[in-house]
Amino acid sequence: MNKLNHIAIIMDGNGRWAKKQGFLKRIVGHEEGAKRVRELTIHASNIGVKYLTLYAFSTENWKRPEGEVSFLMKLMDRYLKNELSLFLENNVRFETIGEIEKLPESLQERISYTKEKTAHFTGLTQVLAVNYGSKNEIVRAVNKAVKTGKEVDEDSFDDLLDTAGMDPVDILIRTGGDKRLSNYLLWQAAYSELFFTDTLWPDFTVEKLDEIIKVFKGVERRFGGIK
Ligand code: IPE
Ligand code: IPE
Ligand code: MG
């Protein structure tokens, strides 16, 4: 049976969920989606997963209407404020990947504060991908390497990425029905097991995650070798 250390999720379909429910505003879907984050974080923590990496806002999402972007920034701020107690009660460490420096000051402060308060926890690490794009991350890593003037190998390059020190991604899930990576963890997903589900993110329950985990456990992972 495969050991499961790291689950990464592209939480897609919030807008379509809101529309399907008859709401006029897409943001209702984002609100509902944030509730699933809470439930899945508790669950992942209970079953001993080490990393849960969640795509919250991509480098491409700035293209959305200003109102939706600013709502998402406020939602992340509110989410972190409300979720601090959940992190504290469940031994959950909070981390981010992505270019945090380009986010609104107040959100940056909230992120730093949450990281600081949870840095000593040893259970699950919840990693929020905010203003994250894989190409952006790789280019930043290359520039760090250029500055040191030293050639990199696969391991030392890993250490220059935002995901430095994290276990490899075992399961990568995309909800919402589309089968694309949308600039998410391109390097890190080199050997991930990929799961695509039509379920929209606000409908993605703990039970649905468990079904995926069950399939993952039985997959023969060969990593290029033979069994
Ligand atoms: C994912 O849901 C959340 C973010 C990208 C922030 P969407 O907002 O992309 O919802 P759909 O895909 O339009 O339904
Ligand atoms: C990917 O979803 C980004 C997040 C879930 C944060 P998008 O809705 O932005 O992706 P595309 O536009 O369908 O590729
Ligand atoms: Mg989408």
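The shell around ligand 2 comprises five nonpolar, two polar and four charged residues (Ala, Val, Leu, Ile, Met, Phe, Trp, Tyr, Cys and Pro count as nonpolar, Asp, Glu, Lys and Arg as charged, and the others, Gly among them, as polar). This is a predicted model, in which local features need pLDDT of at least 70, side-chain atom pairs count only at pLDDT 80 or more, and totals for chains, interfaces and linings use all residues. Residues are numbered from 1 along each chain as its sequence is written, and side-chain values use heavy atoms, with hydrogens and water left out.

**Ligand 2**
- The residues surrounding ligand 2 (a heavy atom within 4 Å) include Tyr 55, Phe 57, Arg 174, Arg 180 and Ser 182.
- Strand 2, residues 51-58, gives the most to this shell, with three residues (strands are DSSP runs of E, at least two residues; helices are runs of H or I, at least four; both are numbered from the N terminus).
- Oxygen atoms of ligand 2 lie 2.6 Å from a polar side-chain atom of Ser 182 and 3.3 Å from one of Arg 174.

**Ligand 1**
- The shell around ligand 1 has three nonpolar, five polar and four charged residues.
- Among them are His 30, Arg 26 and Leu 72.
- Helix 1, residues 14-20, gives the most to this shell, with three residues.
- An oxygen atom of ligand 1 is 3.1 Å from a polar backbone atom of Asn 14.

**Asp 12**
- A polar side-chain atom of Asp 12 lies 2.8 Å from an oxygen atom of ligand 1.
- An N or O atom in the Asp 12 side chain is 3.1 Å from an oxygen atom of ligand 2.

Note on methods: Chains lettered and ligands numbered in written order. Polar contact = N/O pair within 3.5 Å; in protein donor to acceptor, adjacent residues only side chain to side chain.
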